[in-house]
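Keep the structure open beside the text.

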Amino acid sequence: MKERVGYLPELGEEVIETKILTFTGRNEVLEIEAPLLTKQQMQQVAEKVKKASAEVLKSMTITEIISIIDQAVEVFLDRNSLYRKKAEQLLPIITGYDEEMIRLGLTSFLKKFRKPELQRFVVEDLGNPLLLDDFQPRAKKGFSKAVGPDLILHVWSGNVPALPLWSLISGLLVKSGNIGKVSSAEPLFAGLFAQALVEIAPQLADCLAIVWWKGGDEERETEMFAHSDVVVGYGSNQSLEAMRQRIPVSIRFLPFGHKVSFGVVSNKALDSRKAWTTAHHAAFDIIQYDQQGCYSPHIFYVQNGGAVSASEFAQYIAHELECFEHRYPRRVLSLEEMTAATHWRNQEEVTSYTNSSKQVFGQTDHQWTVVYEEGAAFSPTCSNRTIKVIAFDEIEDLLPSIKPYRKYLQSVGAAASPKELFQWAKVLGKSGVTRITALGKMTSPESGWHHDGRFNLLDLVQMVDIEQSAEDYAENFAPYID
């Protein structure tokens, strides 16, 4: 089976080189044909996208743009559409994730980009969406307008399917031309979305491009950096640092590197009636895309003093993971991932021999591992359905352990009473955590969330102010002045 991915504006009779990426899964072999542009073609694409952005996108209202995005998302939410069918058919082969997990995950994710959510998205960052259309009065007097860059380059990772939509849609909302570089791990969805978008709104045909090059291709990256106004990068901290060194200082760089997330469970969520449900939600956060996202948990801190002990709660999670395994089997791991999982488990088992409080749940033939400890240090797992449950007494007890990871912390899934939620949020926020959500929702950020504590749209635009003095002074030259 073959599939061509990506999306390019019209380049006339240019011959576009392609690269074949091969994926094997679900007893099928899929050959992905990705566009690989020369330096000259990159320059052509960049210039064309910039020109179309200035002539088309920047002349549209934010309401019109939101409506077009909403229509494209509606196409992908329709399971009978050809685009949705293709995504459901090919993404399990490309990513290795279970078909049902892909189906449910896509629907949950895409719903965040419907019209009402996009409207909230814009209001969250800008307050007044009309700032993107024209100068608007400000409370401080004067007027302001939000102006997006001519060209945003997105360098995406491929750990979670469809994730590129966050930054691509943000770029469209600020009326910028967008070029996205897809990952070799998941090169499909961004191009599919671009095709659907242009089918709905042909006037956007030259306003975006979805391309591919091998990660670390410095020659192509440097060429594209030179034509960009803003670069949004996703990946490992090492790859982003290498990228930063090649981006000219005059170009804004927005890196999103490796982050770590965890959960906290109050003893109030651990009575005999609530504990199973809490464990079910915790296990769902673990199995969703096999902990490949920054917002996936690696540790659950469980408070002592509940009717269900922290050790028993670890067993509850183990039971739920086994149930989920039958419904959503773990993807087939690479040799490197399998080696890391085996090594991690072996280390935990060895240290359990000298630590009487430590327990390792799950046999070696299971697709998951749960480790219970008391008072252990914060230490991320190897992902792929491996989790630690650590008992604690007071939220302040966690601070010495998580403090060294401050710059890497992101999401916390909380199961706590209303009073505890705000008390704990205050403590965790001071420790570097930027998002607190419910258990079961860790892998599903709300539309308009502050990604790593930052803004989705405000970081892309520049504000243009007309000060009150300029407005007052202009009155001197009005045609109606006597």
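Contacts between residues at least 6 apart in sequence are the place to start: 75% of them in the protein chain join residues at least 24 apart. The model is predicted. Its protein chain holds 15 helices and 18 strands. The C-alpha trace spans about 90 × 60 × 45 Å along its principal axes.

Next, burial and surface. Of the 482 residues, 54% count as buried. The accessible surface of the chain is about 21,700 Å². Carbon and sulfur atoms account for 51% of that surface.

Now turn to the open spaces. How much space lies in the largest pocket? The figure is about 1,100 Å³. Its lining is made of 44 residues. Look for Ser157, Asn159, Tyr234, Gly235 and Ser236, which lie nearest the centre of this pocket. Helix H8, residues 218-227, and helix H9, residues 237-246, each supply at least two lining residues. H9 gives the most, with 6 residues. By class, the lining of the largest pocket has 23 polar, 15 nonpolar and 6 charged residues.

The second largest pocket holds about 410 Å³ of space. It is lined by 24 residues, and Gly105, Ser108, Phe109, Gln288 and Ser444 are the closest to its centre. Which helix gives the most to this lining? Helix H4, residues 99-110, does, with 7 residues. The lining of the second largest pocket divides into 14 nonpolar, 7 polar and 3 charged residues.

The largest cavity has about 120 Å³ of space. Its lining consists of Trp166, Ser167, Ser170, Val232, Tyr234, Leu254, Phe256, His451, Phe455, Asn456 and Leu460. H6 has the largest share, 3 residues. By class, this cavity's lining has 7 nonpolar and 4 polar residues, with no charged ones.

Finally, go to one side chain. Lys358 lies in the loop between helix H12 (335-352) and strand E13 (359-361). Is Lys358 buried or exposed? Lys358 has a relative accessible area of 8%, and the cut-off for buried is under 20%, so Lys358 counts as buried. What does Lys358 touch, leaving aside residues up to four places away in sequence? Its contacts are Glu348, Thr351, Ser352, Val371, Tyr372 and Glu373. Of these, Glu348, Thr351 and Ser352 fall within the residue range of H12. Ala376 gives one further reference point. Lys358 and Ala376 are 18 residues apart in sequence, and their C-alpha atoms are 9.6 Å apart in space.

How values were computed:
Residues numbered from 1 in each chain as written. Predicted model: local features only at pLDDT ≥ 70, side-chain atom pairs only at ≥ 80, totals over all residues. Heavy atoms only, no water. 1 Å grid on protein atoms, 1.4 Å probe; cavity = no way out; pocket = protein on both sides within 12 Å on 5 of 7 lines; lining within 4 Å. Points joined across faces, edges and corners; volume = space filled by probe spheres on them. Helix = DSSP H or I, 4+ residues; strand = E, 2+ residues; numbered from the N terminus. Nonpolar A, V, L, I, M, F, W, Y, C, P; charged D, E, K, R; others polar. Buried < 20%, exposed > 50% of the residue type's maximum accessible area, 1.4 Å probe, protein only. Contact = heavy atoms within 4.5 Å. Areas by Shrake-Rupley, 256 points an atom, 1.4 Å probe, with all protein chains shown as cover.
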